[in-house]
Amino acid sequence: MNFFEHQDKARRQSRSLVFLFILAVLVIIVVIDLAILVAFGGINPEQQQSVFSLQSLRANSSVLLGGAVVTAAVIAVASLFKTAALHSGGGKVARDLGGVLVEADARDPLRRRLYNVVEEIALASGIPVPEVYVLEQESGINAFAAGFSPADAAVAVTRGALDKLSRAELQGVIAHEFSHIFNGDMRLNIRLMGALFGILMLSIIGRRVLRGSYFVGRSKNSNGGAIVLVAIAVMLVGYIGLFFGRWIKAAVSRQREYLADASAVQFTRDPDGIAGALKKIAVYSDASYLNVETEEVSHMLFGNGAPMSMFSTHPPLTQRIQRIDKSFRREDLVELAKRIQREEMADAERVDSEASRAKPAGGGMFDAGNLVDQIGNPDFSRVLMAAALAASIPEEINQAAHSNQWATEVLFYSLMDPADNIREQQLLFIAQNMGGDSEARVRALIGAAPVLAREQRLPLLEIAIPELKRRPPDYITRVLNTVKLLNTADGETDVFEYLMAKIIAQHLWESTNPQKVRLSGKASLADVTDRALAVLAVLATRGNEGEKAIEKAFRAGSVLLGADPGVRMPATEHWTEVMDKSLPELDRLKPAEKEKLVKSLIATVMSDDKVVVSEMELLRVICSVIHVPLPMITGGV
């Protein structure tokens, strides 16, 4: 199952979730109405008839309707309140659980190792680096990813995971969580949190009413006993809601954990990594359990947040391990427990040192045949490539990109023109819009590394964005206005510069408006064929020279779109208008249709059986704008 099929499945599960939620609410309303009817004796107990008779139901219809409306309103308001509270992004969930933000320039070795692992997988996958948190008070081994989209995502791990896992095992856990980000699970988890909160709220209300009814019961109020009965009923109904909530979470979550485990193995190409993490959970006394209340977030965690048997959101540990390690035996856990007592933690810096010695590949990593399957699920070669590319960025620039104070200037630096006169005009724009200090920092970056390799620009942007998106909205607006000026300083806009500005604006907007983000839509290619052909034409003309080469590239892609073989290639003179109109509509394609579009884009790029840097980065940026995280690719001229 590839990225697009996972996206389709997530959409279907969202519809199933809505159905199950409505079903649970209806059952709860019926039970509460029955409790009201019994508690108050059908309002008129002198009638010699059953409270469940048709006459009694008619006589009390207004009371029953009121009970149904109040119950539905309580659930709806609580759910909407919780969902609104989560709109600030995945970091909100992490902070509510006691998470502490890990800065990009962290000095603690374990925190730095964690950030490096997250950054490598993000760069390899083609998405911005998510916020990283550590649950410092939690000694169990656990982790989760939260957010509505990759732009506002957060990844959190427990202190126990940092202390007890080797780098390979930590990498397996983080790769598992990234799978949830790509496959739409993370967005579904957030919706599930909001929806189930309304159901769980009833048990809280019931408990509080029951405490208050103690005094009512002792008073002369003739309805005191009935009120107590209703309070008990509401509390019991709340636990019925808890039952439904766990049932829904278990129905949605269990199979996804198996899929995420398998994806982690493909990510890291090391089954021992994630299997080792699961084995350590099995042998440590605190397992994956958390000290905080985990009822709301249990379906988001890497392992069970609390001991649970019925309706567990995760498959049994031994079954998860056996699916990864076919040779696993239960006796292995005993041996592991003994070895943990004897041995120190594995060298946490081993892979870091290997990455620092690695050199960026010069070619051979681009494989059009399997690139689509790598979307949202890159293999270990992409992770190594990301680590090597990150290591190739000049040290001063790399440190600045990870700094909260310099991230904005790194963004501007990546858009600097090589021509001195145009660069001076760009620096003037920065001084006018952002101030002299910002201009001085950009000049310092230029002095440290006058020329930035083109293939380093997009990864550098993905590193800097997490630091930038935490700034105030008015500051972000000034940054976006400055980016527009930088791209037009030479009187014309390059396609790559245009798309870089588009990505910056998109990531920053999505990070502040996560609830409005839609990763796919319902449109089909037949509805937007003209738009798709227009983008193919822009890609063909920017990646090839000569009319024959351009025409060949366009035909290679248009055939896969299902267009008429004789269709004319759209004009690209006003390509900015073409892209402004086309990309938003293509972003609304159904996942399966996006897959066809991406295959056609790849065919256009590969029409001459080679990939140059400009084509490679242009392809990745276009895919990023339509919410398809294309893995890191390279090729030779």
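Modeller: Strands β3 and β4 run antiparallel and are joined by four bridges. This is a predicted model, and the description below should be read as such. β3 covers residues 143-146, and β4 covers residues 154-158. One of the pairings between these strands sets Ala143 against Val157 in β4.

The side chains of β3 can be sorted by direction. In a regular strand, side chains alternate between the two faces of the sheet. In β3, Ala143 and Ala145 point one way, while Phe144 and Ala146 point the other way. All four of these residues are buried, that is, under 20% relative accessible area.

β4 also pairs with β2, this time in the parallel sense, over five bridges. Within that pairing, Leu135 is placed opposite Thr158 of β4. β2 takes in residues 131-135, and five of its five residues are buried. Both of its faces are covered: Glu131, Tyr133 and Leu135 lie on one side, and Val132 and Val134 lie on the other.

β2 has a further pairing, with β1, which spans residues 99-101. Here the sense is antiparallel, and three bridges are found. Leu101 stands across from Tyr133 of β2.

Next come the cores. In soluble globular proteins, nonpolar side chains tend to be buried together. The largest nonpolar core of this model has 84 residues, and the members that touch the most others are Leu499, Met579, Leu597, Leu601 and Ile622. Leaving aside neighbours within four places in sequence, Leu597 is in contact with Leu525, Ala532, Leu561, Leu586, Leu589 and Ile626.

Two packed helices are described by the angle between their axes and the distance between the axes. For α22 (residues 495-512) and α25 (residues 575-587), the angle is about 35° and the axes are 11 Å apart. The crossing of α22 past α25 is right-handed. Sorted by class, the contact has six nonpolar residues, one polar residue and two charged residues.

Terms used. Residues are numbered from 1 along each chain as its sequence is written. This is a predicted model: local features need pLDDT of at least 70, side-chain atom pairs count only at pLDDT 80 or more; totals for chains, interfaces and linings use all residues. Side-chain values use heavy atoms; hydrogens and water are left out. Axes are lines fitted to C-alpha atoms, for helices over the stretch in contact, and angles run from 0 to 180 degrees between N-to-C directions. Helices (H or I, at least four residues) and strands (E, at least two) are DSSP runs, numbered from the N terminus. A crossing is left-handed if the near helix is turned anticlockwise from the far one by less than a right angle, and right-handed if clockwise. Ala, Val, Leu, Ile, Met, Phe, Trp, Tyr, Cys and Pro count as nonpolar, Asp, Glu, Lys and Arg as charged, and the others, Gly among them, as polar. Buried means under 20% relative accessible area, exposed over 50%, partly exposed in between (1.4 Å probe, protein chains only). Two strands pair if DSSP finds at least two bridges between them. A nonpolar core is a set of buried Ala, Val, Leu, Ile, Met, Phe, Trp, Tyr and Cys residues joined through side-chain atoms within 4.5 Å. Contact means heavy atoms within 4.5 Å.
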